[in-house]
Amino acid sequence: MNATTTRGALLAALACVLVGGSFTANSLLGDYPYAGGQFLRYGLAFLLLLPLAGPGATTRLRALGPGRWVRLALLAAVGMVGFNLAVLAAERTAEPAVPGVFVGCAPVVVAVLVPLLEGRRPQRAVLYGALFVAVGAFTVQGWGRTDGAGIAFSVCALAGEVGFAVLAVPVLRPLGPRLLSTVVCGVAAAESAVAGVLADGSGWLRRPDAVEAGALLWQAVVVTVVGFVCWYMGMQRIGAERATLFSGLIPVAAACTAPLVGTGSYGAAQAVGSALVFAGVAAGSGAALPLVRGRWPAARRQRAPERSLEKL
């Protein structure tokens with residue numbers, strides 16, 4: 001891995017670790033109106049990102065055609081608002097591990113879907129790495145109680161996770177990570193407000209208490225502002241296929257932080273699953289290649305004298 005891909009891998013890993021560590025904050029918002037919480041989270045993130053959008057932001061936005069604006073609206077609706085709604089809906093009738101297992105399959109779907117959309121074959125190393133990541137995520141989380149509705153909403157959560165990466169590919173280059181994060185947060189805030197008014201009427205937004213305010217502030221500043229920018233900067237450097245491999249770190253980070261707040265434990269299954277995730281990420285992202293390449297020339301040098309003697 002060169003400096004660019006190494007930096008991209010680290011950025012993608014950091015983003016996914018932040019998301020995984022945010023599950024505790026999600027548990028503190030169970031009684032807050034869903035759409036209102038999403039509006040506050042993405043609205044605050046939009047305001048914080050606006051000064052960071054970079055020079056020429058208005059010009060770049062004007063250059064986008066209607067098709068790309070539709071894609072941005074879908075990215076916010078499917079990959080952000082819809083994803084969070086699907087997870088919450090799934091957890092009404094299923095244990096949290098169930099949507100987590102489905103979301104853990106996102107690297108496999110992206111490893112196949114992105115190359116097909118670009119008219120090329122999936123990369124074998126990335127696909128094998130994605131399979132390791134998916135198995136590792138399943139091992140970390142296990143399988144819980146569910147029903148048909150829980151499975152259906154978990155599939156929707158998987159679609160949202162995939163859409164968050166795939167839908168961003170054509171607009172990442174013209175907008176860049178910071179402006180893209182700014183725009184989708186603004187669009188997601190507007191979509192959340194519309195959904196809240198239609199679903200909950202006047203009760204869609206209320207003043208959060210101290211605990212809820214702290215959780216929303218964490219979600220907006222750390223997970224959204226820092227996490228989104230790091231995610232898209234990483235994806236810009238290593239591509240959607242390899243970046244999505246790091247989503248396997250989400251359940252690993254959640255499992256590691258759960259004991260700190262007394263909401264879970266870290267045992268042998270979590271350790272084995274974490275090892276599988278790390279192995280899949282290393283193999284699929286190319287982090288293991290320098291080791292292989294470093295050994296191969298030495299092996300060839302050791303065999304060279306033997307071949308020369310045979311010829312003599």
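User: Which residues of H7 are buried?

Analyst: This is a predicted model. Buried here means under 20% relative accessible area. In H7, the residues that count as buried are Ala106, Pro107, Val108, Val110, Ala111, Val114 and Pro115.

User: What covers the buried residues of H7?

Analyst: The buried residues of H7 include Val110 and Val114. Their cover is partly made of other helices, among them helix H6 (97-103), helix H8 (124-141), H9 and helix H11 (210-245).

User: How far apart are the end C-alpha atoms of helix H7, and what should its residues span?

Analyst: Helix H7 runs over residues 106-117, which is 12 residues. The expected span is 1.5 Å times one less than the number of residues, so H7 should span 16 Å. The end C-alpha atoms agree with this, being 16 Å apart.

User: Which residue with a positive phi follows H7?

Analyst: The phi in question is near 75 degrees. The residue that has it is glycine 119.

User: Is valine 155 buried, partly exposed or exposed?

Analyst: Valine 155 lies in helix H9, residues 148-166. Its relative accessible area is 40%. Buried means under 20% and exposed over 50%, with partly exposed in between, so valine 155 is partly exposed.

User: Which residues make the nonpolar surface patch of about 360 Å²?

Analyst: Patch residues need over 30% relative accessible area, and valine 155 has 40%. The patch is made by Phe138, Trp143, Ile151 and Val155.

User: How many helices and strands does the protein have?

Analyst: Read along the sequence, the pattern is α-α-α-α-α-α-α-α-α-α-α-α-α-α. The count is 14 helices and 0 strands.

Note on methods. Residues are numbered from 1 along each chain as its sequence is written. This is a predicted model: local features need pLDDT of at least 70, side-chain atom pairs count only at pLDDT 80 or more; totals for chains, interfaces and linings use all residues. Side-chain values use heavy atoms; hydrogens and water are left out. Patches are made of residues with over 30% relative accessible area and no salt bridge: like charges are joined within 9 Å, nonpolar side chains (Val, Leu, Ile, Met, Phe, Trp, Tyr) within 5 Å. Accessible areas come from the Shrake-Rupley method with a 1.4 Å probe; for residues, only the protein chains shown count as cover. A salt bridge is a side-chain nitrogen of Lys or Arg within 4 Å of a carboxyl oxygen of Asp or Glu. Helices (H or I, at least four residues) and strands (E, at least two) are DSSP runs, numbered from the N terminus. Buried means under 20% relative accessible area, exposed over 50%, partly exposed in between (1.4 Å probe, protein chains only). Contact means heavy atoms within 4.5 Å.
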